[in-house]
Amino acid sequence: MKKFREYLSLKQKIRSISIRVLVMLLGVRLLFWLAIVPPANAAPCRMIGTQTVCISEIKRSAKYPWEYRVTLSRDGVKQPQEILNCRDAKQFSLQGNRRPVNSEAGAVLFQTKETGEWICRLVKRN
């Protein structure tokens, strides 16, 4: 009976040691993965004509869900923020950080049709 108890005690010690080793290995693996994998910060870009157009920042309007505040960069040069109306295919520039008083006054059809359509397609997909 004493040998059986010693056997059970030894078995429990081995099990606890193996669990500790397993947890340690998983922890080391996780730390290695976190240290090696760089964060992804890819901006959606597209060649339109001869220009590389990238979306620097995009925010959806809560009040007008078909409108997006977009900051683009063309060939690496950041452009002023614009509002894209994907419902009516219109865009207009912001006056400072505020919406124009008369939205239709400054609105024009997408200046570069490809850019506006590309952004609207991109946000509808997500």
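Colleague: Which cysteine forms a disulfide with C45, and how far apart are their sulfur atoms?

Modeller: Please keep in mind throughout that this is a predicted model. A pair of cysteine sulfur atoms counts as a disulfide when the two lie within 2.5 Å, and by this rule the count comes to two disulfides. The one that includes C45 is formed with C54, their sulfur atoms being 1.9 Å apart.

Colleague: Is the disulfide of C45 and C54 right-handed or left-handed, and are its two cysteines buried or exposed?

Modeller: C45 has a relative accessible area of 41% and is therefore partly exposed, whereas C54, with a relative accessible area of 13%, is buried. As for the handedness, the torsion about the S-S bond of C45 and C54 is about 110°, so this disulfide is right-handed.

Colleague: What does the disulfide of C86 and C120 tie together, and how many residues apart in sequence are those parts?

Modeller: A disulfide joins C86 to C120, with an S to S distance of 2.0 Å, and because the torsion about its S-S bond is about -90°, the disulfide is left-handed. Both cysteines count as buried, C86 with a relative accessible area of 13% and C120 at 6%. C86 lies in the loop between β5 (82–85) and β6 (90–93) while C120 belongs to helix α2, so the pair ties together parts whose separation in sequence is 34 residues.

Colleague: Which pattern do the secondary structure elements follow along the sequence?

Modeller: The secondary structure comes to two helices and seven strands. Read along the sequence, these elements follow the pattern α-β-β-β-β-β-β-β-α.

Colleague: Which element gives the largest share of the largest nonpolar core?

Modeller: The largest nonpolar core has 13 residues, of which V53, I55, Y68, V70, L72, W118 and I119 touch the most other members. Two or more residues each are given to this core by β2 (51–60), β3 (67–74) and α2 (113–125). Its largest share, five residues, comes from α2.

Colleague: Which residues does V70 touch, leaving aside those up to four places away in sequence?

Modeller: V70 is one of the core residues that touch the most other members, and its contacts can be listed once residues up to four places away in sequence are not counted. The partners are then I55, E57, I58, P80, Q81, E82, L84 and I119.

Colleague: What is the value of phi at D75?

Modeller: Most residues other than glycine have a negative phi. D75 is found in the loop between β3 and β4 (77–78), where, with a relative accessible area of 47%, D75 is partly exposed. Its phi is positive although the residue is not glycine, with a value near 50°.

Conventions
Residues are numbered from 1 along each chain as its sequence is written. This is a predicted model: local features need pLDDT of at least 70, side-chain atom pairs count only at pLDDT 80 or more; totals for chains, interfaces and linings use all residues. Side-chain values use heavy atoms; hydrogens and water are left out. A nonpolar core is a set of buried Ala, Val, Leu, Ile, Met, Phe, Trp, Tyr and Cys residues joined through side-chain atoms within 4.5 Å. Buried means under 20% relative accessible area, exposed over 50%, partly exposed in between (1.4 Å probe, protein chains only). Helices (H or I, at least four residues) and strands (E, at least two) are DSSP runs, numbered from the N terminus. Contact means heavy atoms within 4.5 Å.
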